[in-house]
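Colleague: I am new to this structure and would like a guided look. Could you take me through it?

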Amino acid sequence: MFKVDGSSSYVPSKSVAIKPDVVSDVVGEDQIRFHLPSYLGFIDVNQTYIKYNLTIENARGFLVPDKNCGGHALCRNVEIRDGNNKAQLELCEDYNANYSLLSNFTKQNTVSHKRELANGVVSKGGDRAMDSILYYGAPAAHGGTIVAPTGLSKTVLTPKLQFGLNTGLFKQGQALPLGAMNGMRITIDTEDPLRALQYLNDEVKSSSTGLSFANNRILVQNTGGNIKAIGDDARGNNVDLSDTVFSIETSHSDRLLIPFDVNDILYISDQGGALTNEEQLGTIVGFNSVGATGGGRVAISYVPNRPQAGGLVANHASTSQLYIKIADRQVAQNGRIGVADVGSDIGTLNIPAPSYRMSDIEMIVEQLSPPSQYVEAMMKAVMGEKGVQMDILSYDLFRHNQNNVVGLQQILIPTRMTRAKSLFSQPLSVGSFRSLAGSSFQGIADNARNYEWIHGTNHYPTRLAPLQRYSQTGNRAKTEALHCSELQKAINNVDEKVLSLQRIPEHFSIARGLTKYGQVMDLSKQTLSLRVDYADTATISKLFNNYVYGMKRIVINKDGVLVIT
């Protein structure tokens, strides 16, 4: 394809903004369609980006895009076709999970900073005040007044994200002749918000406050005395806010470290792992530190959700635990009791489900103007029988649902790829497949004992590769040398630089590099499978995303565009 050497004349270029076919805001589980017209001629794929504004809507707590993917998390599938819509040039299924698979191992400080600046990645909270986290301003102060029940306790920001698509066609490094392809069509399926987003608060923990995500609950110990003693024995019957909103003091000295938010549903149960005497307290409407007894505490103000004639069933001890449930935050809550329902037993407060909105979407394309001699030679080659050819490194996805949690798992991968380079298998938790409590794209070891790839009668590697250390508790720096070596070779084989091999258990995948020195391997003539042996202590049902990376050839000739795998 088109390359410029030092003796060539200057090649002019300019950036062109291409709007989607439908110019409107896009939400989760929607679709974005671009048509790059043929009149653009040649484009530099390395300098072509998608750009949009991102707003997290209806978030209770600090909800951000997946911390491994940033803006890429919002893209479920990416399909690229020629301008005539006849040939599928590339289909990247589970694009976001695939990006997450490699992102941890291809980053260092400078790469992480670039992703934070452009991709919208938020790997952790800001300072102790939880400000400056890109998607939110600093939370409202918890002075002597209650936060308005209809509002949020933080300011939602709308950052602009800009990044190149992580596909083989946009990473092949050569100028793309859109004129010869009659343009190009790109379709992006957006992701379910429950998969694309996750909470930051699992990073905010302190042994003295007891915050955790245990059992999908956020816990905080109450130290303000027995709950009934505070006065929550019945909801008031008049319109005086002081008589209808009760408060519970916690041992927290800073409201900004309390992972609760306005409109959260507050629960209480007796101290301990089991939910003993669990009861709903009501809907949180604000926070207050002024007048809190004992000093260094924060009061959580809430509207009780019980009838006027009744109160709490149990007399909860002062060491009881307060919490909200992630399951409540993930769905809409309609008909909740709120401040507007004073004097009524029927709630009218509607709390929407969390979502995101992409606005001002466009594709920034770098248009090139190559020398006229090159354009003439290109068009002459296109009109010939052989045409113009280019190779891209792409993947095919084969999913597998695990039948048994324990024992030997045999995973058949029915690939027909003739020029394969690497294999990756990413076991994802079925229980966390749509959850805001953590990343939905991180592979899990779950007490896997060993693995091997089998192609025909050949075993790769030639001996079982152990995996037990990744499931050990305690020290985070756990490494299985053979698995680590196989992972590094597989990543290098798909033209990615391995810059870090830390945190493998948290970003677990089973990989194999099939060749060396730029060679390829034909997988079409024999069966391919993966065997993973799980110990009896494995507990998590898994969905395996099996990616087969290899070379695909795009041929552009007088008959159109053809893709050969």
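Modeller: What follows is a conversation about selected features of this structure.

Colleague: What kind of model is it, and how are residues numbered?

Modeller: It is a predicted model, in which local features need pLDDT of at least 70, side-chain atom pairs count only at pLDDT 80 or more, and totals for chains, interfaces and linings use all residues. Residues are numbered from 1 along each chain as its sequence is written, and side-chain values use heavy atoms, with hydrogens and water left out.

Colleague: How many helices and strands are there?

Modeller: The protein chain has 8 helices and 29 strands. Helices (H or I, at least four residues) and strands (E, at least two) are DSSP runs, numbered from the N terminus.

Colleague: What share of the residues counts as buried?

Modeller: Of the 565 residues in the protein chain, 54% count as buried. Buried means under 20% relative accessible area, exposed means over 50%, and partly exposed lies in between, using a 1.4 Å probe and protein chains only.

Colleague: And what share of contacts joins residues at least 24 apart?

Modeller: Among contacts in the protein chain between residues at least 6 apart in sequence, 77% join residues at least 24 apart. Contact means heavy atoms within 4.5 Å.

Colleague: Let us look at one helix. Which residues of α2 are buried?

Modeller: In helix α2, residues 109-119, the buried residues are Ser112, Arg115 and Asn119. Seen down the axis of α2, these buried residues fall within an arc of 75°, so they line one face of the helix. The arc is that of the directions from the helix axis to the C-beta atoms. Asn109, Thr110, Lys114 and Leu117 are exposed on the other side of α2.

Colleague: What do the buried ones pack against, and what follows the helix?

Modeller: The buried residues of α2 pack against α1 (95-103) and β8 (160-163). Glycine 120 follows α2 and has a positive phi, near 80°.

Colleague: Changing topic: how many disulfides are there?

Modeller: A search of the whole structure finds 0 disulfides, a disulfide being a pair of cysteine sulfur atoms within 2.5 Å. Cysteine 69 is in no disulfide, and the nearest cysteine sulfur, that of cysteine 75, is 9.7 Å away.

Colleague: Is cysteine 69 buried or exposed?

Modeller: Cysteine 69 is buried, with a relative accessible area of 0%. Cysteine 75 also counts as buried, at 2% relative accessibility.

Colleague: How many aromatic pairs are there?

Modeller: The count comes to 7 aromatic pairs. Rings of Phe, Tyr and Trp (its six-membered ring) pair if their centres lie within 6.5 Å; planes under 30 degrees apart count as stacked, over 60 as edge-to-face and the rest as tilted. The rings of phenylalanine 42 and tyrosine 374 have centres 5.7 Å apart and planes at 55°, so this pair is tilted. The pair links distant parts of the chain, with phenylalanine 42 in strand β4 (residues 42-57) and tyrosine 374 in helix α7 (residues 372-382), 332 residues apart.

Colleague: How accessible are those two?

Modeller: Phenylalanine 42 counts as buried at 8% relative accessibility, whereas tyrosine 374 is partly exposed, with a relative accessible area of 21%.

Colleague: Could you show me another pair?

Modeller: Tyrosine 395 and tyrosine 549 form a tilted aromatic pair, 5.5 Å centre to centre with 50° between the planes. Tyrosine 395 lies in strand β21 (residues 388-401) and tyrosine 549 in strand β28 (residues 542-557), so the pair ties together parts that are 154 residues apart in sequence. Ring pairs link Tyr395, Phe424, Tyr547 and Tyr549 into a cluster.

Colleague: What about threonine 190?

Modeller: Threonine 190 is found in strand β10 (residues 184-190) and counts as buried at 5% relative accessibility. A polar atom of the threonine 190 side chain lies 3.1 Å from the backbone nitrogen of glutamate 29 and one lies 2.6 Å from the backbone nitrogen of aspartate 30. Threonine 190 and methionine 358 are 168 residues apart in sequence and 9.8 Å apart in space, C-alpha to C-alpha.

Colleague: Finally, where is glutamate 452, and what does its side chain contact?

Modeller: Glutamate 452 is found in strand β24 (residues 448-455) and counts as buried at 10% relative accessibility. Its side chain makes a polar contact with the side chain of histidine 459 (2.8 Å). A polar contact is a pair of N or O atoms within 3.5 Å; within protein, one must be able to donate a hydrogen and the other to accept it, and residues adjacent in sequence count only if both atoms are side-chain atoms.
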